[in-house]
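I set down here what I looked up in this structure. The entries follow the order in which I consulted the model.

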Amino acid sequence: MALRNGSYDGGFVAVGEEVEVEEEKEEEEEEEAAAAMVVTTRVGVRRNLDGEQVRPLKLCIIGAGGFIGSHLCEKLMWDTHHSVLAVDVYGDKIQHLLAPGKSWSDRIEFYKINIKHDSRLEGLIKLSDLVINLAAICTPADYNTRPLDTIYSNFIDALPVVQYCRVNHKRLIHFSTCEVYGKTIGSFLPADSPLKKDPAYYILKEDESPCIFGPIEKQRWSYACAKQLIERLIYAEGAENDLEFTIVRPFNWIGPRMDFIPGIDGPSESVPRVLACFSNNLMRGEPLKLVDGGQSQRTFVYIKDAIEAVLRMIENPARANGHIFNVGNPHNELTVRELAELMTDVYCKVSGNPRPAVPTIDVTSMEFYGQGYDDSDKRIPDMTIIKKQLEWEPKTPVYDLMESTLTYQHTTYAQAVKKAMSKTLAN
Ligand SMILES: NC(=O)c1ccc[n+]([C@@H]2O[C@H](COP(=O)([O-])OP(=O)(O)OC[C@H]3O[C@@H](n4cnc5c(N)ncnc54)[C@H](O)[C@@H]3O)[C@@H](O)[C@H]2O)c1
């Protein structure tokens with residue numbers, strides 16, 4: 001498959017994919033040349049939501065090599081005139097943007113930096129107009145097995161970023177999480193209470209809903225608590241020291257390049273987030289593991305829709321500063337069990353594989369995540385603030401986002417998974 005470039009709407013680039021055939025290379029070069037022309041003409045003058053011209057910005061994106069960072073960098077390179085100082089310990093997911101000779105090559109630089117201990121960070125922040133911090137440990141399997149790393153990553157390591165922004169008068173867009181809401185009020189009502197159906201008890205509002213976490217022994221909440229404290233600190237910096245900030249609370253952003261497939265492009269013993277876990281099971285023909293019955297409810301938003309919201313935050317500071325934004329799709333609500341069923345149906349369609357005889361098995365959270373696990377029951381974002389401030393609404397239905405994502409997973413990984421499985425059998 002040739003790499004496809006040139007427009008953020010133009011498809012996904014597979015990670016680590018080798019273009020083997022010479023003809024494909026030529027095709028690719030032709031496509032790139034065409035894409036470069038498209039980029040030049042497409043970008044033109046950019047205007048914000050108030051019709052004002054947006055000047056080219058230099059963005060320092062920390063965690064640029066991750067799932068969200070890679071999509072944000074693509075969007076910025078392909079569809080805007082902004083430039084990026086991309087900071088991460090890991091750059092594989094943006095290699096396709098960093099390769100020399102692209103039409104945007106002078107607008108992106110990669111810095112392999114661990115923000116825990118690298119004195120270059122403040123210098124990069126000083127050079128930029130805007131800082132976006134995405135860097136974090138953000139995988140549920142880590143929260144109760146590596147709680148110290150989780151707390152350090154989400155609070156201690158984020159602290160200097162906030163301070164450098166304050167001291168150097170830089171605007172900050174900080175990525176928090178919908179996990180800061182914890183459990184809903186509704187989850188504490190008796191099972192047969194009619195109030196459970198009242199949205200007031202489960203819809204999550206940025207400026208009204210409480211943050212309800214479990215006891216300290218439930219170390220699962222280490223992530224949410226660290227994120228909440230850094231949110232409070234950023235908010236206080238805004239109130240007391242005029243830090244210009246925006247806080248983003250993502251509600252399950254889903255798409256290609258999310259996490260890794262264990263044993264293929266990540267450690268075999270690691271447990272990625274649910275999308276990659278289920279994709280891995282599907283490609284291996286294994287049943288999908290449903291933790292505690294898969295009853296938790298989540299809403300899923302397509303990464304491309306969500307990135308559009310982030311771009312609006314970048315280009316509309318007057319509308320975004322001082323705000324906390326839920327970014328999700330309340331219409332794409334599923335229980336984890338329903339998600340497993342949907343992914344199985346869609347994967348069978350895109351791969352041509354038959355439906356497995358045993359599609360799911362139940363496991364306890366103790367077996368799957370170990371001691372100290374707990375969960376939020378339901379997470380439905382209220383969208384009033386982002387709709388009003390940024391005129392943003394998600395577009396992609398859950399079936400469509402899953403079809404696009406699983407097509408990517410299948411194209412990128414299925415052969416490698418097959419090979420790894422036959423090697424294991426042979427040994
Ligand atoms: N994807 C979602 O749906 C979702 C949901 C809630 C919150 N978030 C938040 O959004 C942010 C980005 O999430 P993502 O899904 O892209 O995660 P990700 O794990 O794919 O990306 C995070 C990136 O940060 C980098 N990083 C971590 N520690 C670092 C350090 N010390 N120095 C340099 N780089 C470091 C990692 O290498 C990784 O590339 C995180 O803060 C996460 O908590 C995401």
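**Entry 1: conventions.** I worked with a predicted model, in which local features need pLDDT of at least 70, side-chain atom pairs count only at pLDDT 80 or more, and totals for chains, interfaces and linings use all residues. I numbered residues from 1 along each chain as its sequence is written.

Entry 2: Helices (H or I, at least four residues) and strands (E, at least two) are DSSP runs, numbered from the N terminus.

**Entry 3: helix α2.** I then checked the length of α2: its 13 residues reach 18 Å from first C-alpha to last, close to the 18 Å expected at 1.5 Å a residue. The expected span is 1.5 Å times one less than the number of residues. Is α2 enclosed or exposed? I found 13 of its 13 residues buried, so α2 is largely enclosed by the rest of the structure. A residue is buried if 20 or more other C-beta atoms lie within 10 Å of its own, exposed if 12 or fewer, and partly exposed in between, with C-beta atoms placed from the backbone.

**Entry 4: nonpolar core.** A nonpolar core is a set of buried Ala, Val, Leu, Ile, Met, Phe, Trp, Tyr and Cys residues joined through C-beta atoms within 7 Å. The largest one has 106 residues, and Ile 61, Ile 62 and Cys 73 have the most contacts inside it. Helix α10 (residues 303–315) contributes the largest share of this core, 8 residues. I listed the contacts of Ile 61 (C-beta atoms, placed from the backbone, within 7 Å), leaving out residues up to four places away in sequence; among them are Leu 72, Cys 73, Val 84 and Ile 132.

**Entry 5: helix α4.** In α4 (residues 120–127) I noted Leu 121, Leu 124 and Ile 125 as the buried residues. They lie on the same side of α4, because they cover an arc of only 100° around the axis, taken from the directions from the helix axis to the C-beta atoms. Their cover includes β1 (58–62), β2 (83–88), β3 (108–112), β4 (130–133) and α7.

**Entry 6: positive phi.** I recorded that most residues other than glycine have a negative phi. His 169, in the loop between α7 (159–167) and β5 (171–175), has a positive phi near 55°. His 169 is exposed, because 11 other C-beta atoms lie within 10 Å. Glu 391, in the loop between α14 (384–390) and α15 (398–426), has a positive phi of about 50°. Glu 391 also counts as exposed, with 11 C-beta neighbours inside 10 Å.

**Entry 7: Lys 378.** Lys 378 sits in the loop between α13 (365–369) and β15 (380–381). Is Lys 378 buried or exposed? I found it buried, because 21 other C-beta atoms lie within 10 Å. Lys 378 touches Thr 184, Tyr 202 and Gln 297, residues up to four places away in sequence not being counted.

How values were computed:
Contact = placed C-beta atoms within 7 Å.
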